[in-house]
Amino acid sequence: MVRKSMGLPDGVEVRGNSVRVRFTWNGQRRSESTAYQPTQKGITAAGSLRARVKELIRLGAMTDDLYAELFPESNYSLDRKTPTFGEFAQIWLNSRDIVDGTRDNYKSIFNRFWMPAFALKRIDNITSADIRKVVSGIAWESAGVRRNATDKLSSVMLAAVMDGHIARNPCLSMPRTKLQKRPVDPFERAEAERIIADLYEHLPGKTKIYAAYFEFAFFAGMRPGEQRALKWSEVNEEKRQAHVCRGIVKGELQERIKTKSVRDVLMNDRAMNAIKVARSLAAEGAEFVFAPADGSSDWIRSDSTPKKYFLASLTRLGIRRRRQYDCRHTYATMCLMANMNTAFIANQLGHSVQMLLSTYAKWINSASDWTELNKL
């Protein structure tokens, strides 16, 4: 072992079984441990390291990342180095104010598509070419999955730009995958009426709640998760209003809705009738309007529960099979065909007017086509 009395190079000191180097960077005095042993050879190597550090500082070539390479155990370097993609993606995900179901979806996307290639790569070293190579090497199951995955990657890269880790989002040079919009497929008003009547006729006892459920779905237009999360405390029968402020995601209540903006839905006579039926079937102290008939839970956790009754009704009536979500589309198109104000309809649905117009343009046009033609 080398004793301090034997003389040490400038800026080199022995502390126990380690050798440290001292220098000044960015106006701050620093003392960093090295990987060298306190032997003559180790002390000489530490002196050479210090000389290299001082030269890099003099030339203005010292960076946070280079500092992290030279002193990997430094608290400073751990705080300031450019993160890997894996590190930054985790920080980005932790900072997001999203529901658990959405968070799980993001994690799945990163783990499936981006972490295998980029997890250990410094985020500022990921280029557009790197991303193109990964994208071209994946057998995407659909255009929608590809677009969703690349959008999430772009969001992470944009955050890295905003945080100063990279100068440019490498995803910007890649064209966004185009998707064919899923067609809106509502029921005709007559079909909706037949379905509701059939459910009331065939569902006995407590299961009649599902007839009320679909009458409300057709004539209130809520998203299925919002409707299943509706509480009696949020239904004002005197004002004929339902306050929409939460939803159900993967069976669990989330105290927020898709658009993050709460709204009050005005209930017409048919929606009010559904509420009346639900009230007559509700157990004492029931919290949720549409509680499951078998009492297995306080709320309907999955749309598969009402789905079986819905599909059975379509089969009995010989009506073409469609999604439960098309009950909401049916409400929207009935409102449009009745020439109701678009801003009012958008507010009822929890849409922007722009979204309403783009989603239901076909029905907006058909409602006024003959009126326009008659002007001729």
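Good morning. The model is predicted: local features require pLDDT of at least 70, side-chain atom pairs count only at pLDDT 80 or more, and totals for chains, interfaces and linings use all residues. Residues are numbered from 1 along each chain as its sequence is written, and side-chain values use heavy atoms, with hydrogens and water left out.

I begin with the chain as a whole. Its secondary structure comes to 16 helices and eight strands; helices (H or I, at least four residues) and strands (E, at least two) are DSSP runs, numbered from the N terminus. The radius of gyration is 32 Å, well over the 21 Å that the globule rule gives for 376 residues, so the chain is more spread out than a compact globule. That radius is taken over C-alpha atoms, and the rule is 2.2 Å times the number of residues to the power 0.38. Along the principal axes, the C-alpha trace spans about 100 × 60 × 40 Å.

I turn now to the sheets. Strands of a sheet pair through backbone hydrogen bonds, either parallel or antiparallel. Here, two strands pair if DSSP finds at least two bridges between them.

Strands β1 and β2 are joined by four bridges, and Val12 stands opposite Val21 in β2. Contact, throughout, means heavy atoms within 4.5 Å.

Strand β2 (residues 18-25) pairs with β3 (residues 28-33) over six bridges. The bridge partner of Trp25 is Gln28 in β3. Which residue of this hairpin takes a positive phi? It is Asn26, with a phi near 55°, in a hairpin that has two residues between the strands.

A further open sheet also has three strands, in the order β4-β5-β8, and its pairing is antiparallel. The edge strands are β4 (235-236) and β8 (263-266). Two bridges join β4 to β5 (residues 241-244), and Asn236 has Gln241 in β5 as its bridge partner.

Finally, the helix pairs. The axes of α8 (residues 189-202) and α9 (residues 209-220) come within 8 Å and cross at roughly 165°. The two helices are therefore roughly antiparallel, a description used for angles over 145 degrees. Their crossing is left-handed, meaning that the near helix is turned anticlockwise from the far one by less than a right angle; clockwise would be right-handed. Among the residues that meet are Ile195 and Leu199 in α8, and Phe214 and Phe218 in α9. By class, this contact has 11 nonpolar, no polar and three charged residues. Ala, Val, Leu, Ile, Met, Phe, Trp, Tyr, Cys and Pro count as nonpolar, Asp, Glu, Lys and Arg as charged, and the others, Gly among them, as polar.

Helices α13 (residues 326-337) and α14 (residues 342-349) pack at about 165°, with axes 10 Å apart. That makes α13 roughly antiparallel to α14, and their crossing is right-handed. The contact includes Tyr331 and Leu336 of α13 and Ile345 and Leu349 of α14. Its residues divide into six nonpolar, two polar and one charged.

Thank you.

Notes
Axes are lines fitted to C-alpha atoms, for helices over the stretch in contact, and angles run from 0 to 180 degrees between N-to-C directions. Angles under 35 degrees count as roughly parallel, over 145 as roughly antiparallel, 65 to 115 as roughly perpendicular and the rest as oblique.
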